[in-house]
Amino acid sequence: MTSFIARQLGFAYGLHDARFEFPRSGLITITGPNGAGKSTLLGILAGLRSPYHGSCTFGGKEVRHWPKREFARKVAFLPQSVRMEFPFTVEEVVLMGRTPYASGWFQTAEDRSAAEEAMTTTDTLTFRGRDFRTLSGGEAQRVILASALTQRPEALLLDEPATHLDLRHQLSLYRLLVELAKSLLVVAVTHDLNLALRFSDRVMVLEDGRVAADGPPAEVLNPALIARVFEVQATVHARWLTYEA
Amino acid sequence: MKRSVLSSAALLAIVVIVAPLLGSSHIELGRAFAGRSPDHEIFFYARLPRVILALLGGAALSVTGVLFQCMLRDPLAEPYTLGVSSGASVGAVIAICLGWRATGLASLVGAALVLLIVLGMAVEGRRLSSFTLLLTGVTMNSMAFAVILFLHNLASFSQSFAISRWLMGGLDAVEYSTLAGLAVVVVAASALVMAYAPHWNLLAVGDDWAASRGVSTVRLTALGYIAGSVLTGLVTSLTGPIGFVGLIVPHALRLKLGADHRALLPCAFLLGGAFLVACDTLSRTVIAPTEIPVGVLTALCGGPFFLWLLKSRRRSLWL
């Protein structure tokens, strides 16, 4: 069973001839040097970048042809960070994820229970009433994740979700993603090869807008490939540097 | 939410009932309704149309302020700071000079043109630069002022008088038929905008944020700018440029109500109306029988408020 299928997928100058098939569940990380096309690819999958060349389908239907509202019930996207200008509360931000299900001006009991559930999962319930702008980076990231979860998606796309987080929060975020990936597809763009190696089921490496490697993390992330793509000498240790919370 | 909308409506009702009774000469409501002179004329032909115009104008400018701040994600955006009001003024002054009757349409075109220029200047790829936005707004304001001064010099004596009266942002009595037309447009445009209140919430966070939750951002943004130009253009053509209403009212409301547009938009409509009616009443009573143009009063209140916003301790959060 597949979710996303890409054939000869391209976008302006950022992406060329990408082809892959994603399963219905599991954690896939996309990595690569700056400007390799990671965010562009994620944006296409999220239905935010069009027109793209070639084909990219979700559930058998071309992404750009999906009605937006219906697509938002299947695929949720987490931006790298959210710059909030206005005093929305945490709960309001989380409830925004219910928009693709909304039928009018007011939230339903189901919306509120979905928000409650997502806030419990992400451990954000305790500050539901706080102004989003007063949150720390880690708290904000969890709230954004909660908002995406209220969409009840089949696929969750995250753009560098751990970038602004300290080690402890990076680990707990990825643990949560692994947990979620048991029942839905999680695709995360990351620069952290250790996180990719340790947590993902599959790693896709992009280089100059092309897929340079795609497969199980232990096979893909070898010193030869890392040297070629990232231009650094990597050493694979018998024991990886592990952090524990 | 319902409570704040209801209390805003109540406040507006009180202001609208009290305002026409206040003024340089004392009138009695009973005599006015009985058709007795001069109370009847003062109430129905001098004060009531002004109050209605102020109400519609304040409501329209506040709603536009909320819209611009939301779409640009910039707390300092409003029709006046972006130069949109000045664009509308140039349109209206050109119409006055050429003797056109369609000042409203000319204003609307002026407002829309300036908005296009300001947005075109401030777009950097997929982002809008707040600095460029405001600097372009300032530049458009000065250019508009220069054009108006130039036209003013060329104009005949009576035109020149009409222009300067109008420029000071006055709310002189307008005919009821004009007011009815304005009311229809302002109420319809505001209602249309309010119907999308939940979607404005998402757009206030970000374009991708809204689009990835199923909102048609392009259509919504187009609606916002068209509604904003129509509201600003039409109101400005009748009242002259009135600044800062779209800044003071939305920000005061956000402090009290938070950022939810479902409460913010209706309250901005109601209290924006109440605010301008109150300002206008003040402007014609403080040093009666001389009137201060209402635009002078709102600028005197709004200017310092704008500076405070800039300097405020929330600066790191807001800019």
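Here is a short chat about the two-chain model above.

Colleague: Before we start, what kind of model is this, and how are the residues numbered?
Modeller: This is a predicted model, where local features need pLDDT of at least 70, side-chain atom pairs count only at pLDDT 80 or more, and totals for chains, interfaces and linings use all residues. Chains are lettered from A and ligands numbered from 1 in the order in which they are written, and residues are numbered from 1 along each chain as its sequence is written.

Colleague: Which element gives the most to the side of chain A that touches chain B?
Modeller: The contact takes 24 residues from chain A and 24 residues from chain B, where two residues are in contact if their C-beta atoms, placed from the backbone, lie within 7 Å. Two or more residues on the chain A side come from helix H2 (68–72) and strand S6 (75–78) of chain A; helices (H or I, at least four residues) and strands (E, at least two) are DSSP runs, numbered from the N terminus. With three residues, the top contributor is H2(A).

Colleague: What is the radius of gyration of chain B?
Modeller: Chain B has 15 helices and two strands. The radius is taken over C-alpha atoms, and the globule rule is 2.2 Å times the number of residues to the power 0.38. That rule gives 20 Å for 319 residues, and chain B is close to it, so it is as compact as a globular protein of that length, with a radius of gyration of 19 Å.

Colleague: Is Ser3(A) buried or exposed?
Modeller: Ser3(A) is in strand S1 (residues 2–11) of chain A, and its contacts beyond four places in sequence include Phe22(A), Phe58(A) and Leu185(A). A residue is buried if 20 or more other C-beta atoms lie within 10 Å of its own, exposed if 12 or fewer, and partly exposed in between, with C-beta atoms placed from the backbone. Ser3(A) has 22 such neighbours, so it counts as buried.

Colleague: Which residue does a cis peptide bond join to Ser50(A)?
Modeller: Most peptide bonds are trans. Here the bond is cis, with omega about 5°, and the partner of Ser50(A) is Pro51(A).

Colleague: Where is Asp123(A), which has a positive phi?
Modeller: Phi of Asp123(A) is near 60°. With 13 other C-beta atoms within 10 Å, Asp123(A) is partly exposed. Its place is the loop between helix H4 (109–121) and helix H5 (137–149) of chain A.

Colleague: At roughly what angle do the axes of H1(B) and H13(B) cross?
Modeller: Axes are lines fitted to C-alpha atoms, for helices over the stretch in contact, and angles run from 0 to 180 degrees between N-to-C directions. The axes of H1(B) (residues 2–18) and H13(B) (residues 261–285) come within 9 Å, and they cross at roughly 15°.
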